[in-house]
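I opened the notebook to record what I looked up in this model. The entries follow in the order I made them.

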Amino acid sequence: MIDVSNLSVRLAGRPVVQDISFTAEAGTLTAICGPNGSGKTTTMKAVSGELTYSGSVHMNGAEIGSLVPWQLAEMRGVLPQASSISFPFTVREIVRMGLTSGRNRHPEQADRTATEALAAVDLGGFEGRFYQELSGGEQQRVQLARVLCQISEPVIEGKPCWLLLDEPVSSLDISHQLTIMTLARQFCRRGGGVIAVMHDLNLTALFADRMVLLKNGQLQATGSIKDVLTDQNLQHVFGCNLRVNRVPANGAPFVLAHSALAD
Amino acid sequence: MAFNDAMAGLKQMSQTTARRHEGDRTALAILVIASLVAISAVAFLFSITTGASNASVIDLIADMVSGSAESTLSIRDRIVIFDIRLPRAVLGFLIGGGLAVSGAVMQGLFRNPLADPGLIGVSAGSSLGAVAMIVLGGGVLAPVAHLLGIFALPVASFIGGLATTILLYKVATRYGQTSIATMLLAGIALGSLALAATGILIYMADDRQLRDLTFWSMGSLAGSTWSKVAGAGPIIVLSLLPLPFMARGLNALTLGEAAAFHMGISVQRLKNIAIVCVAAAVGASVAVSGGIGFVGIVVPHILRMVIGPDHRFLLPASALLGGSLLVVADVVARTIVSPAELPIGILTAGVGGPFFLWMLLRQRLRLSL
């Protein structure tokens with residue numbers, strides 16, 4: 001379990017995140033949503049151990065501020081928003097870097113793990129391509145494959161592993177958005193935990209189990225999708241006239257921008 | 001849907017088995033490194049048997065095989081080879097290797113292929129340290145010079161280089177991101193500052209010191225002796241030893257400081273050790289040979305094009321190629337205008353400058369400052 005309580009982060013003296021508390025259970029996909037600048041990425045960075053914070057963030061029972069980088073790397077993988085690289089690495093070389101971090105319990109299967117990770121993000125056969133020559137969406141998926149090499153098993157020695165994904169589908173086409181979100185959900189089904197910063201409310205509704213809604217660096221609502229994704233919450237957080245609708249078959253919620261534009 | 005997925009899966013499996021080793025340059029890298037070992041040996045032999053005295057390779061090998069008892073070399077040849085050319089070749093190899101590896105590490109650290117100790121003012125800082133020691137070594141710094149003995153010059157140079165590198169890193173890095181524009185510009189600023197301070201010292205220098213300084217600042221391996229090897233050699237070797245253990249960290253760092261941290265690297269510690277090592281290697285090199293430019297940028301760049309940027313292979317390969325390149329360049333420098341000698345710094349700048357321009361032109365479209 002990841003237990004965040006009273007988390008506050010100041011960047012350059014300015015409070016960016018204030019007094020946020022939420023939990024993310026293993027086996028569930030937790031989405032962090034909110035408008036631009038609401039503190040989603042900052043919250044994610046604090047949870048990944050990258051920023052100094054006040055309050056507490058416990059991952060599998062340990063305060064992450066007290067862990068050293070390699071201990072964190074064995075427990076969680078992080079997909080950053082965008083990464084440009086100025087050296088001519090091949091896709092294979094980037095992905096295999098993930099194998100040199102984390103637990104990597106099967107070094108003899110290194111090649112297979114890397115190949116499978118690339119296939120999982122639908123980049124099978126891209127091993128020999130240069131990272132710099134790929135499109136933005138392809139680069140993002142290569143990075144995800146690298147993270148999947150680092151955290152190749154959802155559960156190690158009875159403890160869940162975590163994927164922290166910052167806008168994992170932001171630059172992907174609709175088909176790959178579904179591929180990646182399905183991948184994340186499968187990771188949860190197998191016992192791991194995922195926290196993802198999401199902009200697309202419909203993908204969130206489709207794939208996430210729980211939602212953390214932020215506004216101006218403060219927690220607006222947290223809980224199940226059904227409880228958080230409401231007209232009132234969305235209108236308050238995003239400041240426009242959004243309405244949540246439901247698909248007749250299974251009652252899954254969806255949000256159309258159309259309502260905000262209607263008079 | 002399930003059928004389509006299964007078919008797609010099958011297709012992918014057949015593709016992945018065929019391409020399993022695509023994008024894997026490990027074998028190539030090992031082959032290149034092995035060849036570079038051989039090339040280094042050849043460069044060494046070439047260097048110690050070429051010059052005004054004409055002892056041939058065969059004579060030398062025969063001499064080494066037969067032992068000293070029935071030497072085929074004249075005493076004069078032996079002195080030329082073992083007391084003049086050999087220390088020069090050893091020093092050239094260490095300096096070339098040291099500069100090339102320093103360049104590669106610095107480029108990894110700044111995540112930019114244009115970083116080079118010479119370009120961003122680190123060499124200038126080292127020069128300042130060395131010049132301060134040459135000019136003030138008999139005066140204000142006399143106790144220090146006396147205490148450090150043959151290490152005085154390399155250590156002074158190291159301190160100058162270290163101070164510049166740390167300043168540069170502090171200026172150019174903000175929130176874990178290093179801006180290349182800031183880095184190059186700050187390098188120019190720090191470089192000219194160091195140059196100004198050096199100028200003041202030169203102004204204070206007497207005639208004998210001036211002559212030393214002029215020749216030294218152009219970069220030369222002339223006057224290499226075993227005592228210079230003993231002074232700078234250990235510092236260069238010691239500073240290069242920890243670097244192979246940082247290869248994994250430097251690889252991770254190319255993805256960004258945050259990503260490296262996520263992958264379990266203690267980024268700050270890595271940077272600290274790398275900066276000290278680079279400053280020490282550059283400082284020691286500058287102390288004995290003056291400013292030899294462009295080795296640190298040209299060698300890693302060529303190697304990255306051939307074996308890729310993986311530091312596990314790039315660092316040893318850079319050491320070997322940089323070393324043998326400088327040994328060969330030194331042979332050219334001391335024979336091309338014989339019996340006089342061209343400072344090797346002029347040669348490396350003459351070749352390296354155009355190469356650097358070519359690199360910039362090639363990247364012009366992609367490079368955004």
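I count two strands as paired if DSSP finds at least two bridges between them. Helices (H or I, at least four residues) and strands (E, at least two) are DSSP runs, numbered from the N terminus.

This is a predicted model: local features need pLDDT of at least 70, side-chain atom pairs count only at pLDDT 80 or more, and totals for chains, interfaces and linings use all residues. Residues are numbered from 1 along each chain as its sequence is written, and chains are lettered from A and ligands numbered from 1 in the order in which they are written.

**Entry: the sheet in chain A**

I started with E5(A). A:Met59 stands opposite A:Ala62 there. Two bridges join E4(A) to E5(A), residues 62-63, and the strands run antiparallel. On another pairing, A:Met59 of E4(A) is the bridge partner of A:Ile2. E1(A) (residues 2-11) and E4(A) (residues 54-59) pair in the antiparallel sense over five bridges.

I then traced the whole sheet. It is open, has four strands in the order E2-E1-E4-E5 (chain A), and pairs antiparallel. Its edge strands are E2 (14-24) and E5 of chain A, each pairing on one side only.

**Entry: two residues with positive phi**

I looked at the turn next. E4(A) and E5(A) form a hairpin with two residues between them. A:Asn60 sits in the loop between E4 and E5 of chain A. Its phi is near 50°, a positive value in a residue other than glycine.

A:Asn60 is partly exposed because 17 other C-beta atoms lie within 10 Å.

A:Glu167 also went on my list. It has a positive phi of about 50° although it is not a glycine. A:Glu167 lies in the loop between strand E9 (162-166) and helix H6 (174-189) of chain A. A:Glu167 has 21 C-beta neighbours inside 10 Å, so it counts as buried.

**Entry: the nonpolar core**

I define a nonpolar core as a set of buried Ala, Val, Leu, Ile, Met, Phe, Trp, Tyr and Cys residues joined through C-beta atoms within 7 Å. Which residues touch the most other members of the largest one? They are A:Ala145 and A:Ala184, in a core of 185 residues. The largest share of this core, 15 residues, comes from H4(B).

I call two residues in contact if their C-beta atoms, placed from the backbone, lie within 7 Å. Not counting residues up to four places away in sequence, A:Ala145 touches A:Val95, A:Ala117, A:Leu118, A:Ala120, A:Val121 and A:Leu123.

**Entry: chain B and helix H10**

Chain B has 16 helices and two strands. Buried residues make up 50% of its 369 residues. Among contacts in chain B between residues at least 6 apart in sequence, 79% join residues at least 24 apart.

I picked out H10(B), residues 226-240. H10(B) bends by about 35° at B:Ala232, and B:Pro234 follows within four residues. The bend is the angle between axes fitted to the seven residues ending at a residue and the seven starting there.

Buried residues of H10(B) include B:Ala232, B:Gly233, B:Ile235 and B:Ile236. Their cover includes H4 (75-109), H7 (152-172), H13 (267-289) and H15 (311-335) of chain B.

**Entry: B:Gly187**

B:Gly187 lies in H8(B), residues 180-204. It counts as buried because it has 25 C-beta neighbours inside 10 Å. Leaving aside neighbours within four places in sequence, B:Gly187 is in contact with B:Leu119, B:Ile120, B:Gly121 and B:Leu168. B:Gly187 and B:Ala232 are 45 residues apart in sequence and 25 Å apart, C-alpha to C-alpha.

**Entry: where the chains meet**

29 residues of chain B are in contact with 32 residues of chain A. On the chain B side, H1 (2-18), H11 (247-253) and H12 (257-262) each supply at least two residues. H12(B) gives the most, with four residues.

Methods. Buried ≥ 20, exposed ≤ 12 C-beta atoms within 10 Å, placed from the backbone.
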